[in-house]
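Here are some notes to read alongside the structure. Have it open and follow each point as you go.

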Amino acid sequence: MHLPFPGSRHKKKGEAAVPADPEAVAELLSECELLRSQAARAGVRLDDTPASLEALDQMVPRWRDDPEILPWLAHDAGLYLGTVVVRTVPGAEWRILSHGEPVVRLPSGRTVEVVPAGQEWAATGVPELSQLYAEIAGS
């Protein structure tokens with residue numbers, strides 16, 4: 001997903017830039033409309049907490065049977081994981097790579113590519129989102 005956000009373009013190629021309005025970016029990236037819709041149908045409330053990641057891990061993955069939904073839901077799952085990290089890990093923030101990919105930057109300086117993690121989870125269920133969160137939050 002390429003997101004053309006204004007921000008510092010004076011970084012080295014591929015380096016993450018701080019968005020001009022981090023709050024607006026966080027709000028936009030937290031929408032995850034398809035994932036929230038699928039979760040609601042399964043009775044799972046996504047409240048941007050680590051517990052909601054555990055609930056997602058328990059959902060029956062019906063989306064795997066639909067090749068049109070899978071990539072979109074996978075992308076949303078990665079963004080949702082990032083949203084939970086940004087909202088619950090002090091100092092974590094969204095960054096946008098020069099090619100437009102959103103990543104989460106941790107206070108340690110580590111950058112986490114959450115979208116590929118969401119894609120793996122949606123396609124195979126491994127690793128679980130709650131496990132990924134625990135690993136990310138602990139670093």
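**Notes on the sheet and the core**

1. Let's begin with the strand pair: β1 and β2 run antiparallel and are joined by 4 bridges. Keep in mind that this is a predicted model.

2. The hairpin of β1 and β2 has 5 residues between the strands. One of the residues to check in this hairpin is G100, which takes a positive phi near 95°.

3. You'll find V104 in strand β2, which spans residues 102–105, and W94 stands opposite V104. Those two are 10 residues apart in sequence, yet their C-alpha atoms are 4.6 Å apart in space.

4. Is V104 buried or exposed? Its relative accessibility is 1%, and buried means under 20%, so V104 counts as buried. Setting aside neighbours within four places in sequence, the residues in contact with V104 include G82, V85 and V86, as well as W94, R110 and V112.

5. Then there's the largest nonpolar core, with 37 residues. L56, L81, V85 and W94 have the most contacts inside it. Which elements give two or more residues to this core? They are the helices α1 (22–29), α2 (33–41), α3 (50–57), α4 (70–88), α5 (114–124) and α6 (129–138), plus the strand β1 (93–96). The largest share is from α4, with 9 residues. As background, nonpolar side chains in soluble globular proteins tend to be buried together.

6. Not counting residues up to four places away in sequence, L56 touches L35, A39, V44, L46, Y80, W121 and L129.

7. Finally, have a look at D48, in the loop between α2 and α3. With a relative accessible area of 13%, D48 is buried. Leaving out residues up to four places away in sequence, D48 touches R36, Y80, T83, V84, R87 and T88. Notice that Y80 turns up in the contacts of L56 and in those of D48.

Key. Residues numbered from 1 in each chain as written. Predicted model: local features only at pLDDT ≥ 70, side-chain atom pairs only at ≥ 80, totals over all residues. Heavy atoms only, no water. Buried < 20%, exposed > 50% of the residue type's maximum accessible area, 1.4 Å probe, protein only. Contact = heavy atoms within 4.5 Å. Core = buried A, V, L, I, M, F, W, Y, C linked by side-chain atoms within 4.5 Å. Pairing = 2+ DSSP bridges.
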